[in-house]
Amino acid sequence: MKKNAEVVSGTMGREVERAKIAVEKASEGKRVVMVSSGDPGVYGMAGIVLEVAAMEKTNVPVEIVPGVTAATAAASKLGAPLVSDFAVISLSDLLTPWEKIERRLEAAASADFAIILYNPQSQGRIEPLAKAYEIMLKHIKPDTPVGIVRQAGREGEGVTITTLKEMLNAEIDMVTTIIVGNSATKVVNGKMVTARGYDLKE
Ligand SMILES: C[S@@+](CC[C@H](N)C(=O)[O-])C[C@H]1O[C@@H](n2cnc3c(N)ncnc32)[C@H](O)[C@@H]1O
């Protein structure tokens with residue numbers, strides 16, 4: 001970052017305000033970088049910036065720089081759980097009605113997708129994960145491997161491999177990503193691996 005760069009910080013819940021400031025400053029001719037963790041297009045700021053720029057009818061060019069999203073960062077710490085089809089679901093009902101999240105969980109769990117859960121729980125919000133757990137247990141075997149990764153790639157990183165039945169005993173917070181395996185997921189040499197169907201003896 002340039003030494004004389006102007007830094008505008010934002011807080012959770014004020015994302016639109018931050019995007020508006022960024023677009024406004026870009027319209028004034030400044031070079032603006034919107035920082036968003038992981039991949040900006042995965043539950044990140046990319047969408048809001050594009051929407052605000054369109055709303056403001058500005059012609060500022062917007063470039064989206066891809067990053068490593070928590071799903072693949074967590075998968076790499078666990079082994080290779082995502083080599084087959086998977087579904088990514090956020091348990092935050094701030095912007096998505098809970099009924100819709102439930103429908104998506106039911107659909108993914110009943111269709112044997114590996115499931116990645118973002119925004120699993122915070123101190124004051126533990127109910128969604130408990131409900132998601134019950135929905136998944138209706139369709140997925142209790143001994144299915146589950147990987148829980150906190151602070152992937154950051155200081156304080158924690159990696160746990162457990163089972164669906166036991167997953168709620170792990171430490172889970174808002175910087176945690178959970179990966180629930182599918183019916184072909186196993187634990188080999190301490191790593192979570194989803195078999196893709198190759199014949200290893202050929
Ligand atoms: C609003 S989403 C932002 C996702 C981000 N744009 C990305 O691509 O990773 C926030 C959620 O991402 C997950 N997450 C973000 N960073 C993480 C990390 N370092 N380790 C584990 N999970 C992380 C957590 O589930 C967290 O609740």
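Me: In this predicted model, what is the handedness of the crossing in which α4 passes α5?

Reply: The two helices concerned are α4, residues 98-110, and α5, residues 127-139. Where α4 passes α5, the crossing is right-handed.

Me: Is α4 roughly parallel or roughly antiparallel to α5?

Reply: The axes of α4 and α5 lie 8 Å apart and form an angle of about 30°. Angles under 35 degrees count as roughly parallel. The orientation of α4 to α5 is therefore roughly parallel.

Me: How many nonpolar residues does the contact of α4 with α5 have?

Reply: On the α4 side the contact involves E102, L105, E106, A109 and S110, and on the α5 side A132, I135, M136 and H139. Sorted by class, this contact includes 2 polar and 2 charged residues, and its nonpolar residues number 5.

Me: Is α1 roughly parallel or oblique to α2?

Reply: Helix α1 (residues 15-27) and helix α2 (residues 46-55) have axes that come within 9 Å and cross at roughly 55°. Roughly parallel requires an angle under 35 degrees, and roughly perpendicular one of 65 to 115. The relation of α1 to α2 is therefore oblique.

Me: How many polar residues are there in the contact of α1 with α2?

Reply: From α1 come E15, V16, A19, K20, A22 and V23, and they meet I48, V49, V52 and A53 of α2. By class, 8 residues of the contact are nonpolar and 2 are charged.

Me: How far apart do the C-alpha centres of domain 1 and domain 2 lie?

Reply: The protein is divided into domain 1, residues 1-67, and domain 2, residues 70-194. The C-alpha trace of the protein spans about 60 × 40 × 30 Å along its principal axes. Between the C-alpha centres of the two domains the distance is 30 Å.

Me: Which residues around the ligand come nearest?

Reply: By class, the shell comprises 9 nonpolar, 10 polar and 3 charged residues. Of the 22 residues around the ligand, those that come nearest are G38, G44, T69, A70 and A152.

How values were computed:
Residues are numbered from 1 along each chain as its sequence is written. This is a predicted model: local features need pLDDT of at least 70, side-chain atom pairs count only at pLDDT 80 or more; totals for chains, interfaces and linings use all residues. Axes are lines fitted to C-alpha atoms, for helices over the stretch in contact, and angles run from 0 to 180 degrees between N-to-C directions. Helices (H or I, at least four residues) and strands (E, at least two) are DSSP runs, numbered from the N terminus. Angles under 35 degrees count as roughly parallel, over 145 as roughly antiparallel, 65 to 115 as roughly perpendicular and the rest as oblique. A crossing is left-handed if the near helix is turned anticlockwise from the far one by less than a right angle, and right-handed if clockwise. Two residues are in contact if their C-beta atoms, placed from the backbone, lie within 7 Å. Ala, Val, Leu, Ile, Met, Phe, Trp, Tyr, Cys and Pro count as nonpolar, Asp, Glu, Lys and Arg as charged, and the others, Gly among them, as polar. A residue is near a molecule or strand if its C-beta atom, placed from the backbone, lies within 6 Å of it. Domain bounds come from an automatic or database domain assignment.
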